[in-house]
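Hello,

Here is the structure for you to look over. My notes follow below it.

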Amino acid sequence: QVQLVESGGGLVQTGGSLRLSCAASGRTFSTYRMGWFRRAPGKERELIAAISLSDGSTYYVDSVKGRFTISRDNAKNTVYLQMNSLKPEDTAVYYCAAVRAGGRWSRPDYWGQGTQVTVSS
């Protein structure tokens, strides 16, 4: 069992930065791929960034490439999402998720509770 708790959301002006953190419980954190989803108002939840188990390979949706950076610290059981050059269209609830080896991002094994990010224009 893995529990995920996000933090770091808030209100920021266009062009600003935020760093989201996702702290995971459990001793098997390093065996899960970790990712960040977001659900914007009126839209479906989408995977925006993911990081592999160990080699650090990453995925980003086109809309955040070059602005967002995902990283993980297995010693601290934490995954981060550094968000720079924020835009109003980044306003959403951001969710941390974990997928075990062999699993699919379409069906994460665990979800965090979500944290609101609001970017004012």
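**Salt bridges, disulfide and cores**

Arg100 is partly exposed, with a relative accessible area of 40% (buried means under 20%, exposed over 50%, partly exposed in between; 1.4 Å probe, protein chains only). Asp109 is partly exposed too, at 28%. The side chains of Arg100 and Asp109 meet in a salt bridge, 2.8 Å from N to O (a side-chain nitrogen of Lys or Arg within 4 Å of a carboxyl oxygen of Asp or Glu).

This is a predicted model: local features need pLDDT of at least 70, side-chain atom pairs count only at pLDDT 80 or more, and totals for chains, interfaces and linings use all residues. Residues are numbered from 1 along each chain as its sequence is written, and side-chain values use heavy atoms, leaving out hydrogens and water.

The structure holds five salt bridges. Another one pairs Asp90 with Arg38, with the closest N and O atoms 2.9 Å apart. Both Asp90 and Arg38 are buried. Shared partners join Arg38, Glu46, Arg67 and Asp90 into one salt-bridge network.

There is one disulfide (cysteine sulfur atoms within 2.5 Å). Cys22 is joined to Cys96, S to S 2.1 Å. The torsion about the S-S bond of Cys22 and Cys96 is about -80°, so the disulfide is left-handed. Cys22 and Cys96 are both buried.

The largest nonpolar core has 31 residues (buried Ala, Val, Leu, Ile, Met, Phe, Trp, Tyr and Cys residues joined through side-chain atoms within 4.5 Å). Leu4, Met34, Trp36, Leu81, Met83 and Tyr94 have the most contacts inside this core. Apart from it lies another core, of seven residues, including Ala50 and Trp105.

Best wishes
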